[in-house]
Amino acid sequence: MKALKLPSINSLEGAALGELLTGQRISHLSFQGDTNSYCLRAPIFNLRAEGWPIEDCWHAGGISRFSGRRTKFKKYFISEENLKELRQLFGERLEKFIEATKRLEAKAA
């Protein structure tokens, strides 16, 4: 794992990473509900470019009322193994980062 840098808590990258570091699996829809931001793709792309070990998997959604086909969407997550490594690497800084992103989210709500 390359040397990682925590993003600003005031950024979409910070909001996404804060949720991922708690072990959550996030989707575009859940992220939009939490941050009022339409796009999760760019923050995930930027975090991956910085070396964060973010994984994804496809999920089947409901039936589209427009096409009649089942929709698909991605959920993003950090594996349990990688979360353990990150906790060892960052120590207390990681917990403080998560708390700061939660406080900021609560303030915005």
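## How α1 sits on α5

Axes here are lines fitted to C-alpha atoms, for helices over the stretch in contact, and angles run from 0 to 180 degrees between N-to-C directions. With that in hand, and bearing in mind that this is a predicted model, take α1 and α5: their axes are 9 Å apart and the packing angle is about 115°. The crossing of α1 past α5 is left-handed.

On the α1 side, the contact uses Gly14, Leu17, Gly18 and Glu19, while α5 brings Phe97, Ile98, Thr101 and Glu105. Sorted by class, that contact has 3 nonpolar, 3 polar and 2 charged residues.

## Where α4 meets α5

Now for α4 (residues 80-90) and α5 (residues 92-108): their axes come within 5 Å and cross at roughly 105°. That puts α4 roughly perpendicular to α5.

Leu86, Arg87 and Phe90 are the α4 residues here, and they meet Glu92, Arg93, Leu94 and Glu95 of α5.

## The largest pocket

The largest pocket holds about 370 Å³ of space. It has 19 lining residues, and the closest to its centre are Ala15, Asp34, Thr35, Leu104 and Glu105. Glu105 also turns up in the contact between α1 and α5.

Which elements give two or more residues to the lining? They are α1 (12-20), α2 (28-35) and α5, and α5 gives the most, with 5 residues.

Terms used:
Residues are numbered from 1 along each chain as its sequence is written. This is a predicted model: local features need pLDDT of at least 70, side-chain atom pairs count only at pLDDT 80 or more; totals for chains, interfaces and linings use all residues. Side-chain values use heavy atoms; hydrogens and water are left out. Helices (H or I, at least four residues) and strands (E, at least two) are DSSP runs, numbered from the N terminus. Angles under 35 degrees count as roughly parallel, over 145 as roughly antiparallel, 65 to 115 as roughly perpendicular and the rest as oblique. Contact means heavy atoms within 4.5 Å. On a 1 Å grid over the protein atoms alone, a cavity is a set of points where a 1.4 Å probe fits but cannot get out, and a pocket is an open set with protein on both sides within 12 Å along at least five of seven lines; lining residues have an atom within 4 Å of a point. Grid points are joined across faces, edges and corners, and a volume is the space filled by probe spheres set on the points. A crossing is left-handed if the near helix is turned anticlockwise from the far one by less than a right angle, and right-handed if clockwise. Ala, Val, Leu, Ile, Met, Phe, Trp, Tyr, Cys and Pro count as nonpolar, Asp, Glu, Lys and Arg as charged, and the others, Gly among them, as polar.
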